[in-house]
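Open the structure in your viewer and keep the selection tool at hand. The tour goes from the whole chain to single residues.

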Amino acid sequence: MTTLGNDEWAGMDLSVRRGNDHDPSWFAGLNGLADEYDMIIVGAGISGCVFAERGSKELGLKSLIIDKRDHIGGNCYDFINKHGFRVSQYGVHLFHTKFDRVWEYVNRFSEWIPYEHRVKGKVKDIRDEYQIVPIPPSQETVNKLFNANVRTEEEMEAWLDARRSVNPDPKNGEESALTRSGPELYEAIFKHYTHKQWDKWPEELDASVLARIPVRTNRDDRYFSDQHQALPKDGYTRIFENMIMSDPNITVRLNVDFFEQRAKLPKCGLTVFTGPIDAYYASQGLPKLEYRSLRFFEEYHEPDASDASPHPGFYQPCLQLNYPGPEVDFTRIVEYKHKPNQPHEAKLSKGTVIFKEYSCDHGEPYYPVPNPANRALYERYQQLAMDEPGVCFVGRLASYKYFNMDQAFMNALEIWDEVKIDRKQGTGKRTDLGEPDGPK
């Protein structure tokens with residue numbers, strides 16, 4: 001077992017982070033600030049930058065963005081490392097959306113390269129031999145793992161129906177998964193992967209956690225089916241630079257902790273808080289909400305580039321290779337060299353970097369833990385937030401809900417629509433964002 005210590009970045013080389021721009025004033029602390037701003041925005045990720053950009057462009061509002069990190073972009077932050085590869089500090093990000101409003105909006109700030117994400121899994125078959133198969137499971141998956149010999153959607157549906165349990169009211173994650181996948185796929189793909197992600201067996205989790213596990217009846221091996229799927233040509237961080245960097249109405253200060261500096265901040269008409277909602281109310285003495293976090297362990301390799309290799313010049317055959325079995329304690333390996341928005345030199349490099357990803361219960365908050373206790377606790381925090389004067393709570397951490405990138409953009413844009421009318425977060429009808437991908 002890999003030991004995951006308290007230093008969450010011990011496994012990554014962050015000594016070189018090139019390829020992005022910044023303004024020196026971003027690191028001036030609280031020096032040089034105005035006496036008052038229209039908005040003070042806590043967090044320089046998707047939600048914070050949307051509010052600052054829209055506030056300036058639509059109403060001419062002046063905003064101060066503060067973030068305790070040393071970069072903008074939130075968890076979307078990427079950079080070029082010492083080996084010349086564009087990598088993401090907080091795990092691989094794939095942009096996809098069905099929302100035309102979001103697609104039009106992000107295209108204002110970046111050129112985009114079409115990219116359809118495909119995930120593979122390294123899974124043992126009935127002969128106890130490893131196979132590389134599509135995730136989510138499809139016809140190819142069951143044929144390779146179980147010699148199912150299905151060739152049509154009807155045959156795949158029949159194969160699943162013969163195995164799925166009939167349970168209209170599953171009580172836990174395992175019962176829920178068995179109604180979707182049957183025992184063979186559950187054991188091979190979902191059971192141990194779920195345990196590695198949540199440190200709980202499926203039978204210990206809410207039925208909702210595995211209620212939407214994807215199982216496909218066709219041969220479509222794309223991970224997403226949204227109309228718009230692409231990668232930003234110059235990386236994700238450049239999007240945020242283009243949103244806020246050249247705007248005179250937007251001031252940025254990094255390495256500034258809101259809670260430590262709160263009493264020293266300038267006056268403002270509205271505080272926009274995009275951090276964890278329980279952190280905002282820590283002084284109330286309520287319990288903390290549970291999150292799962294991630295650790296990344298980086299390795300540099302110079303793989304076989306000859307024709308004898310099944311994937312010349314690469315460590316593995318795809319960007320993301322999942323390991324759903326119990327044989328290893330990491331969940332997946334990501335190899336960024338596969339991304340088509342890599343710098344030209346990186347594509348020609350004889351080397352490559354991979355990141356082994358582990359799930360844990362301490363560190364940066366990534367995934368809310370869905371159970372009745374956390375839901376009830378969040379509702380208490382939500383009521384406090386609704387009664388908080390002069391503060392707008394926006395984003396995944398403030399909502400205690402995992403958002404895909406496009407969902408985070410849409411959420412911020414629609415809450416901004418409410419706020420710009422009367423400077424107050426409303427309860428009007430918003431777009432149904434659908435279910436997020438969650439841990440992949």
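This is a predicted model: local features need pLDDT of at least 70, side-chain atom pairs count only at pLDDT 80 or more; totals for chains, interfaces and linings use all residues.

Residues are numbered from 1 along each chain as its sequence is written, and side-chain values use heavy atoms, leaving out hydrogens and water.

Start with the whole chain. Its C-alpha atoms fill a box of roughly 70 × 55 × 40 Å along the principal axes. The secondary structure comes to 12 helices and 17 strands (DSSP runs: helices are H or I with at least four residues, strands are E with at least two, numbered from the N terminus). Of the 440 residues, 55% are buried (under 20% relative accessible area; exposed is over 50%, partly exposed in between, with a 1.4 Å probe and protein chains only).

Next, select residues 236-244, helix α6. Because 7 of its 9 residues are buried, α6 is largely enclosed by the rest of the structure. The buried ones are Y236, T237, I239, F240, E241, M243 and I244.

Now select F27, in the segment before β1 (36-42). F27 is partly exposed, at 40% relative accessibility.

Last, select D199, E203, E204, E290 and D361, which gather in a surface patch of negative charge (residues with over 30% relative accessible area and no salt bridge, like charges joined within 9 Å; a salt bridge is a side-chain nitrogen of Lys or Arg within 4 Å of a carboxyl oxygen of Asp or Glu). Within this group, E204 is found in the loop between α5 (173-198) and β9 (228-232).

Notes
Patches are made of residues with over 30% relative accessible area and no salt bridge: like charges are joined within 9 Å, nonpolar side chains (Val, Leu, Ile, Met, Phe, Trp, Tyr) within 5 Å. Accessible areas come from the Shrake-Rupley method with a 1.4 Å probe; for residues, only the protein chains shown count as cover. Lys and Arg count as positive and Asp and Glu as negative; His and the chain ends are not counted. The place of a charge is taken as NZ of Lys, CZ of Arg, CG of Asp or CD of Glu.
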